[in-house]
Amino acid sequence: MASLKYFLIRTVLFVVPFAVCMALGVGPIFSAVFAVLIAFGINYLFLYKQRDAAAAEVRDVFGGRKQARTKREVEDAAAEDAADEAQRARDAGPRANGHDAARSETTDRQRQRTDDGNDEQGPR
């Protein structure tokens, strides 16, 4: 809101001197130059609070401290993240438990050994 207010004030500060210069018969180019100089001077001298407030608002939005997304967008992003994590867990398979496939097969063979030290396929 501070940015909009600052923009409107600066617009008025340009339009009024421009209109006055045009009414006095000064050409459009000189009117624009005079209006810019007058608007800049007034802005620089008197509008420092509005300028700082507008700059802080812009910094908050682009700095990530102010939430720029709607509530629905945040919920959608959370749902996508959850679905992505679930898919990664399914794709990882045995690795999700901290084992890779080769270690898992070795563990399965060790479980199949009988009491005499031979596995079911025969002696090692």
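I began with the face of helix 2 that is turned away from its buried side. There I noted the exposed residues Ile 29, Phe 30, Leu 37, Phe 40, Tyr 44 and Leu 45. I keep in mind that this is a predicted model.

**Entry: the buried side**

Next I asked which residues of helix 2 are buried. I listed Ser 31, Ala 35, Ala 39 and Asn 43. They cover an arc of only 85° around the axis, so they sit on the same side of helix 2. I then looked up what these buried residues pack against. Their partners are helix 1 and helix 3, the latter running over 48-63.

**Entry: the length of helix 2**

I checked the span of helix 2 as well.

**Entry: Ser 31**

Ser 31 belongs to helix 2. Is Ser 31 buried or exposed? Its relative accessible area is 0%, so I put it down as buried, the cut-off being under 20%. I then looked for its contacts, leaving aside neighbours within four places in sequence. Ser 31 touches Phe 18, Cys 21, Met 22 and Val 26.

**Entry: aromatic pairs**

How many aromatic pairs does the whole structure hold? My search of it gave two.

Phe 14 has 29% relative accessibility, so I call it partly exposed. Phe 18 has 27%, and I call it partly exposed too.

The other pair is Phe 40 with Tyr 44. I noted 6.0 Å from centre to centre and 20° between the planes, and this pair is stacked. Where do Phe 40 and Tyr 44 lie? I found both in helix 2, residues 28-46. They are four residues apart, about one turn of the helix. Phe 40 is exposed, and Tyr 44 is exposed as well. That took me back to my opening entry: both are on the face of helix 2 turned away from its buried side.

Terms used: Residues are numbered from 1 along each chain as its sequence is written. This is a predicted model: local features need pLDDT of at least 70, side-chain atom pairs count only at pLDDT 80 or more; totals for chains, interfaces and linings use all residues. Side-chain values use heavy atoms; hydrogens and water are left out. Rings of Phe, Tyr and Trp (its six-membered ring) pair if their centres lie within 6.5 Å; planes under 30 degrees apart count as stacked, over 60 as edge-to-face and the rest as tilted. Buried means under 20% relative accessible area, exposed over 50%, partly exposed in between (1.4 Å probe, protein chains only). Helices (H or I, at least four residues) and strands (E, at least two) are DSSP runs, numbered from the N terminus. Contact means heavy atoms within 4.5 Å. The arc is that of the directions from the helix axis to the C-beta atoms.
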